[in-house]
Structure formats: structure tokens, C-alpha cells
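Hello,

Here is the structure I promised to pass on to you. Please have a look at it, and then read my notes below.

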Amino acid sequence: MASAAAVLLFIDPVPTPIHYLVAVPLLALAVNSLDFSARYLTGFLSSRPMAMLGLWSYSLYLWQQPFYKFVYSQGSAPLPMLAGVFACALCSYYIVEKPARGWLNRNW
């Protein structure tokens, strides 16, 4: 319930201060109450695709901004840019991040 309310508060007509004062605490409440959620929700969030998305999330976070700029500054089509974000993020994860993590875990 808190997560649905928070998502609704992030819709455009809602003023930005409301996003930070109300929606962010609601999202924090939703995340911290996941242990008490319905089984279908926790099952979905624990599924293999969601777990993989969680592993890739940092790389996606790093690569989304340049592609966002292409879409909104250059007028590029969003769907190919989304594919580009995932392609760069996955390459970055498997070529740089995962090997670096493995090396750090082995040596420290």
C-alpha cells in the first residue's frame, strides 16, 4: 500500500517537495516492511529475473545518464536507447565489475 501511494506521488503534477517529504518516506516504509508482505510479492521479488536485475542495477545506474541525455537533449528514440543502456551495463558488469569483485574477494 505504501509503495503504491509513493509511486502515485511521483507522478508529474505532484509538486517536487511532496516527492521528498512524503513519497520517499513511504518508499522507505515499503522497503522496510517487505518481510511482512504477501507471499506473491516476496516470491516475485526473489525470482531469478529480479535477482539478476538487482545484480545489474549498479551498472544500469552508471550507464543510464548518458543515454537519458541522448533521449532528452538529442531527441533520440527511447527504446533503442534503453537497449543501449542494457547492452553497455551488461558489458560493464561482466567485463569490469564482476571480475573486479571476484579479485577483491579473493585477495581481501
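**Starting from Phe86**

Apart from its neighbours within four places in sequence, Phe86 is in contact with Leu53 and Leu60, where contact means heavy atoms within 4.5 Å. Phe86 sits in helix 5; helices here are DSSP runs (H or I, at least four residues; strands are E, at least two), numbered from the N terminus. With a relative accessible area of 29%, Phe86 is partly exposed. On this scale buried means under 20% relative accessible area, exposed over 50%, and partly exposed in between, using a 1.4 Å probe and protein chains only. Phe86 also lies 8.7 Å from Gln64, C-alpha to C-alpha, although 22 residues separate the two in sequence.

**What kind of model this is**

Please keep in mind that this is a predicted model, in which local features need pLDDT of at least 70, side-chain atom pairs count only at pLDDT 80 or more, and totals for chains, interfaces and linings use all residues. Residues are numbered from 1 along each chain as its sequence is written, and side-chain values use heavy atoms, with hydrogens and water left out.

The score pLDDT is the predictor's confidence in each residue, from 0 to 100. The protein chain averages 89, and 100% of the residues score at least 70. Among the elements of the chain, helix 5 (residues 78-107) has the highest mean pLDDT, 95, while helix 1 (residues 2-9) has the lowest, 79.

**The core**

Which residues make up the largest nonpolar core? There are nine of them: Met52, Trp56, Leu60, Phe67, Val71, Met81, Val85, Ala89 and Tyr93. (A nonpolar core is a set of buried Ala, Val, Leu, Ile, Met, Phe, Trp, Tyr and Cys residues joined through side-chain atoms within 4.5 Å.) Helix 4 and helix 5 are the elements that give two or more residues to this core, and helix 4 gives the most, with five.

Leu60 is one of the core residues. Leaving out its neighbours within four places in sequence, Leu60 is in contact with Leu53, Val85, Phe86 and Ala89.

Ser59, also in helix 4, is buried at 0% relative accessibility. Its side chain and that of Glu97 are joined by a polar contact of 2.7 Å. Such a contact is a pair of N or O atoms within 3.5 Å; within protein, one must be able to donate a hydrogen and the other to accept it, and residues adjacent in sequence count only if both atoms are side-chain atoms. Beyond four places in sequence, Ser59 is in contact with Ala89, Ser92, Tyr93 and Glu97.

**Aromatic pairs**

Rings of Phe, Tyr and Trp (its six-membered ring) pair if their centres lie within 6.5 Å; planes under 30 degrees apart count as stacked, over 60 as edge-to-face and the rest as tilted. By this rule there are four aromatic pairs. One of them is the tilted pair of Tyr58 and Tyr61, with 6.1 Å from centre to centre and 35° between the planes. These two tyrosines are three residues apart in helix 4 (residues 48-74), so about one helical turn separates them. Tyr58 is partly exposed at 47%, whereas Tyr61 is exposed at 55% relative accessibility.

Trp103 and Trp108 form an edge-to-face pair, 6.2 Å centre to centre with 75° between the planes. Trp103 is partly exposed, with a relative accessible area of 47%, and Trp108 is exposed at 79%.

**Cysteines**

How many disulfides does a search of the whole structure find? The search finds zero, a disulfide being a pair of cysteine sulfur atoms within 2.5 Å. Cys88 is in no disulfide, and the nearest cysteine sulfur, that of Cys91, is 6.8 Å away. Cys88 is partly exposed at 26%, and Cys91 is partly exposed at 44% relative accessibility.

**Two long separations**

Thr16 is found in helix 2 (residues 16-32) and is partly exposed at 45% relative accessibility. Its C-alpha atom is 32 Å from that of Ala87, 71 residues away along the chain. Ala77 lies in the loop between helix 4 and helix 5, and its C-alpha atom is 33 Å from that of Val31, 46 residues away along the chain.

Best wishes
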